[in-house]
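Thank you all for coming; I would like to walk you slowly through one structure, beginning with a few of its charged pairs and ending with a pair of helices.

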Amino acid sequence: MQSGRFATADRGEALARLTREGGLQDLRDELRELRRELNDAHKTITDARRESESLRLELETARREAAEARTDALGRAAENPVSTAVAPSYEPIPTTVVHPPVPHEAALDASDSEPEEQAPETAGQRTLDAVLEQAAGISAADLICHRDAWAFIVEQAARNAHFRVPGLAANGDDDEQTNVTLSGRTLIAILSALHSTQQSHTTSREDRALASTYYNRIASVINNALPSQGDAARTRIVIDDRPPLAPHDAIN
């Protein structure tokens, strides 16, 4: 009887050991399956990143090609005009302006008077080189404008060697606006391209109006930028003219 009890105990212990080993094997199988799923997920993420980078490069290439095609089309249109009407020319009639004599005392007073102070120069009066040098000192600037305005700026500046497509554009103050962060180098490319467009006689008046407005708005902000003052806010350029506030809105 006693030997029978020992045999039963041995069988129970062996069964328990087999049960534990079976549970450990199940855990190993589950861990192996989890590793496989993690590897698959990592591969999927890597492929998605590669596809996103490829799409970004394709978009940059498409923008550059579109800008080049547009420039070439404008150049051909300027070289081969369809027809131009020649306006009749008239010889100007010479006129003589007679100025009243200036008294001697008034002439002396005018010569002795101090010269008037010149008004501060605006963005349009500063030379392009001065504006570009000012832009070179900016590390990064936020540009907030309509998506159509940003598309026009990209079309103009895409061919410039210093233009770099910024990262993902965020929403501006409303759904129709976009907010992009531009480096000083990209600002140089944008300003140079807009200045060339507004000075060109082969572009349409609409393009010149857009280029002039965007150039002056960007340059006016850049001209007021100063070297970093510690916690100073980043340079912010907003192209968004709106009507003035009503009196009751201004009070509130």
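A residue is called buried under 20% relative accessible area, exposed over 50%, and partly exposed in between, using a 1.4 Å probe and protein chains only. By that rule Arg 32, at 43% relative accessibility, counts as partly exposed, and Asp 29, with a relative accessible area of 36%, is partly exposed as well.

Please keep in mind that this is a predicted model, in which local features need pLDDT of at least 70 and side-chain atom pairs count only at pLDDT 80 or more, while totals for chains, interfaces and linings use all residues. Residues are numbered from 1 along each chain as its sequence is written, and side-chain values use heavy atoms, with hydrogens and water left out.

A search of the whole structure finds five salt bridges, each meaning a side-chain nitrogen of Lys or Arg within 4 Å of a carboxyl oxygen of Asp or Glu. One of them joins the side chains of Arg 32 and Asp 29, at 2.9 Å from N to O; these residues lie three apart in helix 1 (residues 2-79), and so about one helical turn separates them. Helices here are DSSP runs of H or I with at least four residues, strands are runs of E with at least two, and both are numbered from the N terminus.

Another salt bridge links Arg 217 with Asp 241, their closest N and O atoms being 2.9 Å apart. This pair connects distant parts of the chain, 24 residues apart, with Arg 217 in helix 6 and Asp 241 in the loop between strand 4 (235-238) and helix 7 (247-251). Arg 217 is partly exposed at 22% relative accessibility, whereas Asp 241 is exposed at 63%.
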